[in-house]
Amino acid sequence: MALSMQQESAQAQPSSSGGNYRFALVALTSLFFMWGFITCLNDILIPYLKGTFELNYTQAMLVQFCFFSAYFIVSLPAGNLVGRIGYQKGIVLGLAVACVGCLLFYPAASSGVYALFLIALFVLAAGVTVLQVAANPYVSALGPQETAPARLTMTQAFNSLGTTVAPFFGSILIFTEGAEVIKGDASATQVPYLMLAGALLLLAGIFAKLTLPKLSGQTVGVDAVSGSAWRHRNLTLGALGIFVYVGAEVAIGSTLVNFFNQENIANMHEAQAAKYIAYYWGGAMVGRFIGALVMQKISGRTVLAFNAVSAFALVLISVFFDGYLAMWAILAVGLCNSVMFPTIFSLALNGLGKHTAQGSGILCLAIVGGAIIPLLQGMLADGIGLQWSFLLPALCYVYIAYYGLKGATPAVIESGK
């Protein structure tokens, strides 16, 4: 698979003013909020569909597999397309595709076929992927390179705001307190996703009319599979870091409702447990605001390693202890997750120069970890129990700590070695 991508370099036009940069960043935060909201709704959708269609954990995790596999399948053609039509048109296109994915939930619910939900989720995620490919490098470019991690962290904080609000939205509209899930009836998903479709369509119209600063400079031919970016050690190890980080974060979030439902943890009804997911994603939101300030003074590598070690310890507590200690320990992992994605992303692109676009495409491909690791945890949960299955994300945080301490050092692997 060797698709070439044309991306604009990460430099803004000199004629664009700082005020225009600030306006562009404000506009882009709405996108980060929206795709955070959409992604977190999967954490409500999984236990709901699991009960509706009487699925095991592995089958239920196909929700995340289909959603995040879109990043792997769509990222390369999306990067190629965005390079040709520009970041702003790419954003509009991504919003439109995501809108179609939300609309597909209506016939999926009417038919009562689980596979149709998976198709709708893939289409929805394809649109979100286009948004990710366009927006992440755009945010990095709107200002000095040395403050790019802080800038991405701040916009990611609004992504976390979306993930914090989504559980309340989903628990109210999808779950009903005290009510049992009706087998084979998934009609509760129709209204929420129709509302999302309307919001996405509105955003697409707004971004089609906005005047945003253009990025210009050298246009670079990119092959995301083979090429010079792969020679950068911090990029290749960073791609694995994105893979395991997204996988661990998604796997934990996807199983929280079922985890809190267990008698030895909190014995909560699904509707009540769903609301507690907001603490997990809310911790990430608070941590990103704090991280944006802390990383002005402390290196991103140090903060990343500290957070990863803390997350590892908290996950182990949730594995080896029961009750509310285990419950609040796993929720606190969200605070540790806060700075990981934007920090790994920025560290991985450090020093790539004209190969930055290729590196961005590779990192977007690595988000497929959100498809693979939750599915593997689902298999573990079916085999050894849900609580013990959290050992898998714990191992992911061990690698992230290594990347912060050692792997993020910029180094070029010479040819032939």
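The entries follow in the order in which I looked things up.

**Ground rules.** I worked on a predicted model, where local features need pLDDT of at least 70, side-chain atom pairs count only at pLDDT 80 or more, and totals for chains, interfaces and linings use all residues. Residues are numbered from 1 along each chain as its sequence is written, and side-chain values use heavy atoms, with hydrogens and water left out. I took helices (H or I, at least four residues) and strands (E, at least two) as DSSP runs, numbered from the N terminus.

**Helices α9 and α12.** I looked up how helix α9 (residues 233–261) sits against helix α12 (residues 323–337): the angle is about 150° and the axes are 11 Å apart. That makes α9 roughly antiparallel to α12. For that label, angles under 35 degrees count as roughly parallel, over 145 as roughly antiparallel, 65 to 115 as roughly perpendicular and the rest as oblique. The axes are lines fitted to C-alpha atoms, for helices over the stretch in contact, and angles run from 0 to 180 degrees between N-to-C directions.

I then listed the contact, meaning heavy atoms within 4.5 Å. From α9 come Tyr245, Glu249, Ile252, Leu256, Phe259 and Phe260; from α12 come Ala326, Met327, Ile330, Leu331, Val333 and Asn337. By class, this contact of α9 with α12 has 10 nonpolar, one polar and one charged residues. The classes are nonpolar for Ala, Val, Leu, Ile, Met, Phe, Trp, Tyr, Cys and Pro, charged for Asp, Glu, Lys and Arg, and polar for the others, Gly among them.

**Asparagine 258.** I also checked asparagine 258, which lies in helix α9. Asparagine 258 has a relative accessible area of 10%, so I logged it as buried (buried is under 20% relative accessible area, exposed over 50%, partly exposed in between, with a 1.4 Å probe and protein chains only). Setting aside neighbours within four places in sequence, I found asparagine 258 in contact with Pro47, Lys50, Tyr57 and Leu386.

**Ring pairs.** A search of the whole structure gave me 19 aromatic pairs. Phenylalanine 68 and tyrosine 71 have ring centres 5.5 Å apart and planes at 20°, so I noted the pair as stacked. Rings of Phe, Tyr and Trp (its six-membered ring) pair if their centres lie within 6.5 Å; planes under 30 degrees apart count as stacked, over 60 as edge-to-face and the rest as tilted. Both residues, phenylalanine 68 and tyrosine 71, lie in helix α3 (residues 62–85), three residues apart, about one turn of the helix. Phenylalanine 68 is buried at 3%, and tyrosine 71 is buried at 2%.

Phenylalanine 341 and phenylalanine 345 form a tilted pair, 5.7 Å centre to centre with 35° between the planes. I also noted a cluster in which ring pairs link Phe53, Phe105, Tyr114, Phe117 and Tyr193.

**Helix α13.** Phenylalanine 341 and phenylalanine 345 sit four residues apart in helix α13. I read relative accessible areas of 7% for phenylalanine 341 and 0% for phenylalanine 345. Helix α13 (residues 340–349) is mostly covered, with 10 of its 10 residues buried. Just after α13, glycine 351 takes a positive phi of about 85°.

**Alanine 305.** My last entry is alanine 305, in helix α11 (residues 300–320), which counts as buried at 7% relative accessibility. Its C-alpha atom is separated by 7.1 Å from that of tyrosine 402, 97 residues apart along the chain. Leaving aside neighbours within four places in sequence, alanine 305 is in contact with Ala401, Gly404 and Leu405.
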